[in-house]
Amino acid sequence: MKVTKYIFLLACLGFFSVLASAQSQQQQVTDDKGRTMDIYIPIVEEVVDAENQRNNKQFYEQEGYSYFDGYEVEFEPEQEVLTRQIKRLSASMPLIYNEEVKRYIDRYVTVGRKSTSYLLARAQYYNHFFEEALRAYGLPMELKHLPVVESGLNPNAVSRVGAAGLWQFMPTTGREYDLVINSFVDERRDPIKSSYAAAKFLSTLYHRFGDWNLALAAYNCGPNRVSAAIEKASGVSDFWAIYRFLPKETRGYVPAFIAANYVMNYSGDYNILPESTGLPSKPGRVKVSKDLSFTEIATLLNLDIDLLKLLNPQFRQGIIKTINGDATLLIPSELVERFNRTAYRLYESRSLEGQMSTSTGETENQQILTLN
């Protein structure tokens, strides 16, 4: 009973002590044996706002002592940061940082900031095709940034020597990798077919050289020139070892590729954001079984004909030219269902035109026979 009384008195003492000083931050508590001690109790407002005060220097300062005293913030040198970030970009490709790479990074994030914003937006659309093709051949996903260097992600880009498309195929190499090039179609500009052709070509080059930097150099200047450079470097199969024996353009090609990989992944660190170029957020694909014009498709879908041309630059004459009754057309993904539901109207119209043409021809022949 005596013990219970002491506990009750102690509880009451504690209650009234806290009540009397609810707004103070420091309280003196006396136990049942007359011993006193000072304790710190935050008031209600402090508890509610405690998360914010953790970042307040005053919160850490008590009785003249500061947790910040004698503490100096150390910043990691930029070179070390970039070296670490670039190395972390790929586990399968030897991406390194050096002064040449830095030079290209600086271009992307300073004078080329606006262009980089457009590249980021275009990549959101075209990466769907690049990743699909690279995955089909089991290649590193980092290669999806190669068209940034090749064409600036412009499927209509044409080099001074005649290379064309996102992946910049020369006509001979394009045909070698089954791309159709004629007066109606140039599949080097086809985002889907050119991506598969590029993936196949890169796979071939990697199996020849066994090194991704050398494969990239060969993609730019040709495998024979890379082999000749290796021979001049006493047989050393390393891009940086043969660097001085390569054409000037190719020397900057691999550093530019590494820089593109870095910038496309770390653009946010430089406050560079995607800026729309009019491309859809997601591509949609439909199959076309008969030759149709852009005008017919645009009218059917109530779609801007210029956008249709932008998405399908491989068709040269404004006509979706089928090969063996088959062609793939790219449209905004939200219009795929409408096309599949209504395309029969275009095919029926074409069939009627064909019948009328045949009927007219037969009538003219009959008239000729009658006259004879």
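Trainee: Among contacts between residues at least 6 apart in sequence, what share joins residues at least 24 apart?
Mentor: In this protein the share is 61%. Keep in mind that the model is predicted.

Trainee: OK. How many helices and strands does the protein have?
Mentor: There are 18 helices and six strands.

Trainee: And what percentage of the residues is buried?
Mentor: Of the 372 residues in the protein, 40% are buried. As for the surface, the protein exposes about 22,100 Å², and carbon and sulfur atoms supply 52% of that area.

Trainee: How many residues are in the largest nonpolar core?
Mentor: That core has 91 residues. Helix α14, residues 253–266, gives the largest share of them, with 11 residues.

Trainee: Which residues have the most contacts inside the core?
Mentor: Y219, V226 and F339.

Trainee: Take Y219. What does Y219 touch, leaving out residues up to four places away in sequence?
Mentor: The list for Y219 is L146, E150, W167, F169, A198, F201, L202, L205 and Y253. You can find W167 again in a cluster linked by ring pairs, together with Y125, Y126, F129 and F130.

Trainee: Rings, then. How many aromatic pairs are there?
Mentor: The count comes to 16 aromatic pairs. One of them is Y125 with Y126, an edge-to-face pair with 5.0 Å from centre to centre and 80 degrees between the planes.

Trainee: Is Y125 buried or exposed?
Mentor: Y125 is buried, because its relative accessible area is 1%. Y126 is at 2%, so Y126 counts as buried too.

Trainee: What about Y206 and W212, why is that pair called stacked?
Mentor: The planes of Y206 and W212 are at 15 degrees, so the pair is stacked. The cut-off for stacked is under 30 degrees. The ring centres of Y206 and W212 are 4.4 Å apart.

Trainee: Is W212 buried or exposed?
Mentor: W212 is buried, with a relative accessible area of 5%.

Trainee: Why give both a distance and an angle?
Mentor: Because a pair of aromatic rings is described by the distance of the centres and the angle of the planes.

Trainee: New topic, charges. How many salt bridges does a search of the whole structure find?
Mentor: The search finds 13 salt bridges. In one of them, R189 is joined to D186, and the closest N and O atoms are 3.4 Å apart.

Trainee: Is D186 buried or exposed?
Mentor: D186 is buried, because its relative accessibility is 0%. R189 is at 15%, so R189 counts as buried as well. The cut-off for buried is under 20%.

Trainee: Which residue does K193 meet in a salt bridge?
Mentor: The side chain of K193 meets that of E187, at 2.9 Å from N to O. E187 is buried at 4% relative accessibility, while K193 is partly exposed at 39%.

Trainee: And what is the N to O distance for D326 and K287?
Mentor: The closest N and O atoms of D326 and K287 are 3.8 Å apart. This pair links distant parts of the chain, 39 residues apart. D326 is in the loop between β5 and β6, and K287 is in strand β3.

Trainee: Is K287 buried or exposed?
Mentor: K287 counts as exposed, because its relative accessibility is 53%. D326 is at 38%, so D326 is partly exposed.

Trainee: You mentioned β3 and β6. In what sense do β3 and β6 pair?
Mentor: They pair in the antiparallel sense, over six bridges. Within this pairing, look at G284, which stands opposite I331 in β6.

Trainee: How many residues of β6 are buried?
Mentor: Five of the six residues in β6 are buried, and the strand is mostly covered.

Trainee: Last one. Where is T116?
Mentor: T116 is in helix α6, residues 113–136. With a relative accessible area of 0%, T116 is buried. Leaving aside neighbours within four places in sequence, T116 is in contact with Y108, V263 and I272.

Notes. Residues numbered from 1 in each chain as written. Predicted model: local features only at pLDDT ≥ 70, side-chain atom pairs only at ≥ 80, totals over all residues. Heavy atoms only, no water. Core = buried A, V, L, I, M, F, W, Y, C linked by side-chain atoms within 4.5 Å. Buried < 20%, exposed > 50% of the residue type's maximum accessible area, 1.4 Å probe, protein only. Helix = DSSP H or I, 4+ residues; strand = E, 2+ residues; numbered from the N terminus. Contact = heavy atoms within 4.5 Å. Areas by Shrake-Rupley, 256 points an atom, 1.4 Å probe, with all protein chains shown as cover. Salt bridge = Lys/Arg side-chain N within 4 Å of Asp/Glu carboxyl O. Pairing = 2+ DSSP bridges. Phe/Tyr/Trp six-rings, centres within 6.5 Å; stacked < 30°, edge-to-face > 60°.
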